Amino acid sequence: LWLNPWLLERPTVFDGSAVTWRHWRASMTSWLAGVDGIFKSALDQAAEHEGPIGATPNPYDVMCYFLQAALLGKCAGTPWDLVNSILHMNGWEAWRKVAQDQEPVAATQKLHRLEQMMTPHLGGDVSDEVFRERWLAGGT
C-alpha cells in the first residue's frame, strides 16, 4: 500500500512544554513513519543512543537531512534552539538531543502523578493520620 505522506495530518509545533511532549513525540513519529517506515525504529534507536550520533550510512543519510528540516519546521523555543545547534544537518542527533532533553521531565511528571495516587490527601483541613483514625473509629 503506497500512501502519500503529505495527505497525513502533520504534527503541531512543539514548544518544549513537558505536558505535550509525549503526544507530540507520538504524532511526529507517526507522521515520519508515514513518510518512510524506517523512521519508527530509527527514531527509537536515535533517542536511546548514549552519545552523539555521527555520520550515518545510506539510506539514513538522506533521511537525516529530511528529519533535521522537519524538526526545524515543527519545533519552537528551546527545542528549536537544540535542533538548530546541531552541525551538519544531523537530524538523528537533533532528535536524540530533543528526546533526551524532554524525557527526564516526562519521567518526573509520571513519578509525581504516581506519588499522588499512592499517597492521596484524604481529609480537607486535618492531617491524613487524623482523618484515618476518625474514619477507622466510624466517624468523620
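This is a predicted model: local features need pLDDT of at least 70, side-chain atom pairs count only at pLDDT 80 or more; totals for chains, interfaces and linings use all residues.
Q: Which residues does leucine 71 contact, leaving aside its neighbours within four places in sequence?
A: A contact means heavy atoms within 4.5 Å. With the neighbours within four places in sequence set aside, the partners of leucine 71 are Trp24, Met28, Val83, Gly91, Ala94 and Trp95.

Q: Which residues of the largest nonpolar core touch the most other members?
A: This core holds 26 residues. The elements giving two or more residues to the core are α1 (21-35), α2 (38-48), α3, α4 and α5 (91-118). The members that touch the most others are Trp24, Met28, Leu32, Leu67, Leu71, Trp92 and Trp95.

Q: What pattern does the protein chain follow along the sequence?
A: The chain has 6 helices and 0 strands. Read along the sequence, the pattern is α-α-α-α-α-α.

Q: Where in the protein chain is confidence highest?
A: The average pLDDT of the chain is 84, and 80% of the residues score at least 70. Confidence is lowest in helix α6 (residues 128-136), where the mean is 76. The highest value, 95, belongs to helix α4 (residues 77-84).

Q: Within what arc do the buried residues of α2 fall?
A: The buried residues of this helix are Phe39, Ala42, Leu43, Ala46 and Ala47. Seen down the axis of α2, they line one face of the helix, while Gln45 and Glu48 are exposed on the other side. The buried residues fall within an arc of 135°.

Q: How are α2 and α3 oriented to each other: roughly parallel or roughly perpendicular?
A: Ile38, Phe39, Ala42 and Leu43 in α2 meet Tyr60, Met63, Phe66 and Leu67 in α3. The axes of the two helices are 12 Å apart, and the packing angle is about 80°. An angle from 65 to 115 degrees counts as roughly perpendicular. The two helices are therefore roughly perpendicular.

Q: Is valine 62 buried or exposed?
A: Valine 62 lies in helix α3 (residues 60-74). The relative accessible area of valine 62 is 57%, and the cut-off for exposed is over 50%. Valine 62 is therefore exposed.

Q: How far apart in space are valine 62 and glycine 91, C-alpha to C-alpha?
A: In sequence, valine 62 and glycine 91 are 29 residues apart. In space, their C-alpha to C-alpha distance is 9.7 Å.

Q: Is glutamine 102 buried or exposed?
A: Glutamine 102 sits in helix α5. Leaving aside neighbours within four places in sequence, glutamine 102 is in contact with Phe14, Gly16, Ser17, Ala18 and Trp21. Buried means under 20% relative accessible area. With a relative accessible area of 4%, glutamine 102 is buried.

Q: What is phi of histidine 88 near?
A: Most residues other than glycine have a negative phi. Histidine 88 is in the loop between α4 and α5 and is exposed, with a relative accessible area of 72%. Phi of histidine 88 is positive, near 60°.

Conventions: Residues are numbered from 1 along each chain as its sequence is written. Side-chain values use heavy atoms; hydrogens and water are left out. Helices (H or I, at least four residues) and strands (E, at least two) are DSSP runs, numbered from the N terminus. Buried means under 20% relative accessible area, exposed over 50%, partly exposed in between (1.4 Å probe, protein chains only). pLDDT is the predictor's confidence in each residue, from 0 to 100. A nonpolar core is a set of buried Ala, Val, Leu, Ile, Met, Phe, Trp, Tyr and Cys residues joined through side-chain atoms within 4.5 Å. The arc is that of the directions from the helix axis to the C-beta atoms. Axes are lines fitted to C-alpha atoms, for helices over the stretch in contact, and angles run from 0 to 180 degrees between N-to-C directions. Angles under 35 degrees count as roughly parallel, over 145 as roughly antiparallel, 65 to 115 as roughly perpendicular and the rest as oblique.
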